[in-house]
Number of protein chains: 2
Amino acid sequence: MTEEPEPTPATDGAPAPRRRGRPSRKAASEGPDARTRILEAARTEFAERGYDKTSIRGIAKAAGVDAALVHHYFGTKDEVFAAAVEVTFEPALVLPAVLGGDPDGLGERLARFFLSVWEDPGTRTPLLAILRSAVTHEAAANVLRDFVLRRLLERIAAELDVPDPTLRAELAASHMLGIAMLRYVVRAEPLASADPEDIVAMVAPTLQRYLGEG
Amino acid sequence: MTEEPEPTPATDGAPAPRRRGRPSRKAASEGPDARTRILEAARTEFAERGYDKTSIRGIAKAAGVDAALVHHYFGTKDEVFAAAVEVTFEPALVLPAVLGGDPDGLGERLARFFLSVWEDPGTRTPLLAILRSAVTHEAAANVLRDFVLRRLLERIAAELDVPDPTLRAELAASHMLGIAMLRYVVRAEPLASADPEDIVAMVAPTLQRYLGEG
């Protein structure tokens, strides 16, 4: 199994503005606030309309800016999607804390962190939108895979002292993703109504086995 | 955690024809062959068009029968969907063989069976269609949950000698569902290109822990 090279970061941190479109002097002077507004609008549009029905034009309108400015900051629709998804995954920034503690408690901390993100409606709604987009649109699945999931998984894999760390991180991620599907999308009982801590107690040893065994 | 009562089977085996619609004398005389053709057409239509864009009328046209005959045999669109999904899950009929052998090998047999179903394009395509429908349409998710998943999980749970057998069967199912998502939908590497037997070797102990521990 070969690890693929790191993709070129397209939206890492605050990227240099792209020379696309022709933002008016006024729009360009709106600076970082406009960029934040565009991202917020993109996140809302993708969450409410889905990948297919969201357009650069619609995002620009919701953000109160010219469509050219959206192009200017982010490029294509796929790149706006990637940036909006990354905003949603910001809770993942606490991952170092999850990864940093006692190695024997890694599975438990990861299970609890993952469930807390999905239990919070503020993060669950955009996550569901991303899941829907990825399942129904190959372009969205590609963005999720190449920009978001890979970085997230590689950050986790980098902390692991096991063979095939990326595969093991993916197996752990697959379990949590499947739990999200059955608990929050399909709402299969008894999983849908189970106490989060009961799920953590059952799932933590599985994640620990994938991530912690040498 | 309470187990819910068994749902009333709506499409088990060969149900008595429903008295809906007004099938013509000719159509009604087409008998079981027409029923099979309708199911095949429904499976194809749902797989190719998705839940939303599939109609009773379209299924009838593809099967070469009157729409009333579709109503007559299956009832509503949701009921046709349930029946079509059950046809897709027919490989699950071999579940007793998976469940019946050496209890210590249950996790391994289940992981291998699951991957074989998804590796076969003939079953993967309709499974992907079901997954897409369930993620994007609540009605499809409800059908999947109430008619298909519940019966499948309860059949597995009935064979288990563990506490909370349905929850444990769901956790095992969630892991396999998540693997299907990452491997076949998102196509995250290295999972997407991993040898099925390598995945079986990694995943079998997890399934065994859920299904085989007392």
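**View 1. Glu138(B) and Arg187(A) form a salt bridge between their side chains, at 2.7 Å from N to O.** A salt bridge here is a side-chain nitrogen of Lys or Arg within 4 Å of a carboxyl oxygen of Asp or Glu. Two salt bridges are found across the interface of chain B and chain A. The model is predicted: local features need pLDDT of at least 70, side-chain atom pairs count only at pLDDT 80 or more, and totals for chains, interfaces and linings use all residues. Side-chain values use heavy atoms, without hydrogens and water; residues are numbered from 1 along each chain as its sequence is written, and chains are lettered from A in the order in which they are written.

**View 2. Chain B meets chain A through 41 residues of chain B and 40 residues of chain A.** Contact means heavy atoms within 4.5 Å. The two chains bury about 3,900 Å² between them, 71% of it on carbon and sulfur atoms. Val135(B), Pro190(B) and Met202(B) lose the most area in chain B, together 16% of what that side buries. Buried area is the accessible area (1.4 Å probe) that two parts lose on being put together, summed over both.

**View 3. Helices H8 (121–136), H9 (138–158), H10 (165–185) and H11 (196–212) of chain B each supply at least two residues of the side that touches chain A.** Helices are DSSP runs (H or I, at least four residues), numbered from the N terminus. H10(B) gives the largest share, 14 residues. By class, this side of chain B has 24 nonpolar, seven polar and ten charged residues. Nonpolar covers Ala, Val, Leu, Ile, Met, Phe, Trp, Tyr, Cys and Pro; charged covers Asp, Glu, Lys and Arg; the others, Gly among them, are polar.
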